[in-house]
Each structure stands twice: as structure tokens, then as C-alpha cells.
Amino acid sequence: MERLQDRTAIITGGASGIGEATVRLFVAEGARCVIADIQDERGEALAAELGDAAIYQRTDVSHEDDVRAAVARAVAQFGGLDIMFNNAGYVGAPGPIAQVPVAEYDRLNAVLLRGVFLGIKHAAAVMQPQRRGVILSTASIGGFRGGEGTHLYGALKAAVIQLTKSVALELAEDDVRVNCIAPGGVATPLSAAVGDQTIPIDILEKVLAKFQPLHRAGTPQDIARAALWLASDEASFVTGHTLVVDGGYLAGTPWPKQSPTMTRRPDPAP
């Protein structure tokens, strides 16, 4: 199981949640990873645990110099860049639209859209000349359906989906694939943070399971496995795509909750 043997990946937000699960899986599949995050203690501990296959690079994805430095570190340390996973996230700007401060919009945009743009930009600068590479980004089902996050969160995730499609058309000329993943209800430290409070993960898993046709919450490993497939040669004919990983949530109303007129056959005529 070495589908990423000798490939180099940068994973933003790689110190926890989906990012950490992806770092662990990519390393297990033969990749060398740059853990790009602002959680220094967690990132350094993860890199130390994984040994020579991983390094930690402090990276605030909203700062272009940081993103540029992460790409340069991958090239200098591991000899190149094959996979860029723009995964760093932030949940913010809650409340009615008339009450959202512009500063909160700016902060959310800086991570969710500007950070993705910067990751794509600097990865492309390396991948286009070498005529190979994979760029992934984390979107959300909130980019397809209202009410799955704050107003601005959904709008910015929708922008990530559209940016993915647009850039995929350009970079296809250089055999660089660009895709994104839209997670549904996944129990992570990020999704457990509600305002100033944090919901215990086990409680969050039970809550999320109630809404999923598959009757369980998603896990960081579910998204990591989707990222692995998109990053591997198994997805070599896939670009400009958003892979929804949501337990069937966007498909519609779970069967037991549908109207009885839809789920029960009428009694046979006497």
C-alpha cells in the first residue's frame, strides 16, 4: 500500500483533524509531508513521531510569504512538490448578516479563500514547469446547500469549488490536476468549536449521526482516504471535480424520515 511512494506533499492545517489524518495516511502510503500549520506544539510533535518522512513548517495560510516559504521548504528538503492539499480551515462570522462585522468577514476570507488561492498559486509555480502534480482543497457541503454553516462560510466554500473548476482548466494544459473535497458532518476539533464553547467529540458524533443516511458521523480518516484517492494515480483522469464525502446527506431526506406515501406500498386491492 504505497500509492504515493516518493512523492512530496504539503498539507495545510496538517497538525490536527482532517489534516493530521491525511498526513498520517500519506506517510503510510510512501509520501514525504510538510505539515503546514500554526499549531507549533502539535505540528512539531507529529513530525517527530513520523520521523524523516515529515517536517513541520509554521504557516499562516493567509500570509503569502508563509505559503511561499512552505513550498520552498518542500522543494529544498524533499526535492520537489507533487501534492498540495489546501486544507486549513476556520469557522467564524456567526449571526444575522446585518450584525456580522467586516473584520470577521476579512478574517474568514483570509483563511478559507485567500489561503486556498495562495496555495494553488505557489504550487502551480512549481508544478507547471515540471508538468505534473495534484492540487487539492477542502471545500464543504456548505458550498452547495444553505444552512450548513454561517452565511460567509458557505459563500467562501462555494468560491473554493468554483476556483477549483476554473484553475483545473488552465493547469490541465500542464498535466496538473486540481480537485476539491466537500466533507459533510465530520467530527473534528474545528467542527466541535461552537462560539466560545467546545462540544466533546463523542457528543458531536452522536448529534451528527442523526442527520446522516449512513447513521454515523464522518471521521477525519474518511476525508483523508478521499484525498489519498484524488492524489494517487488511480484518479489520473479526474480534474475539476468536487468529491462529496457526506454519508449521503446531500442526496436528500433519509428513508425513514420520508413521507409514508413514498416509502410504503399500498395494500393490495381485495
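User: Which residues does L4 touch, not counting residues up to four places away in sequence?
Analyst: This is a predicted model: local features need pLDDT of at least 70 and side-chain atom pairs count only at pLDDT 80 or more, while totals for chains, interfaces and linings use all residues. Residues are numbered from 1 along each chain as its sequence is written, and side-chain values use heavy atoms, with hydrogens and water left out. With contact meaning heavy atoms within 4.5 Å, L4 touches F26, E29, G30, A31, I83, L228, A231 and S232.

User: Is L4 buried or exposed?
Analyst: L4 belongs to the segment before β1 (8-12); strands (E, at least two residues) and helices (H or I, at least four) are DSSP runs numbered from the N terminus. Buried means under 20% relative accessible area, exposed over 50%, and partly exposed in between, with a 1.4 Å probe and protein chains only. Because its relative accessible area is 0%, L4 is buried.

User: How far apart in space are L4 and D233, C-alpha to C-alpha?
Analyst: In sequence, L4 and D233 are 229 residues apart. In space, their C-alpha to C-alpha separation is 8.5 Å.

User: How many of the 12 residues of α8 are buried?
Analyst: The buried residues of α8 (residues 220-231) are P220, D222, I223, A224, A226, A227, L228, L230 and A231. They pack against α1 (17-28), β4 (83-86), β5, β6 and β9 (242-245). Helix α8 is therefore largely enclosed by the rest of the structure, and its buried residues number nine.

User: Which residues of β4 are buried on its two faces?
Analyst: In a regular strand, side chains alternate between the two faces of the sheet. Both faces of β4 are covered, and the buried residues are I83 and F85 on one side, and on the other M84 and N86.

User: Which residues lie closest to the centre of the second largest pocket?
Analyst: β5 (133-138) and β6 (176-183) each supply at least two residues of this pocket's lining. Of the 18 lining residues, the closest to the centre are R132, G133, V134, D175 and R177.

Technical notes: 1 Å grid on protein atoms, 1.4 Å probe; cavity = no way out; pocket = protein on both sides within 12 Å on 5 of 7 lines; lining within 4 Å. Expected span 1.5 Å × (residues − 1).
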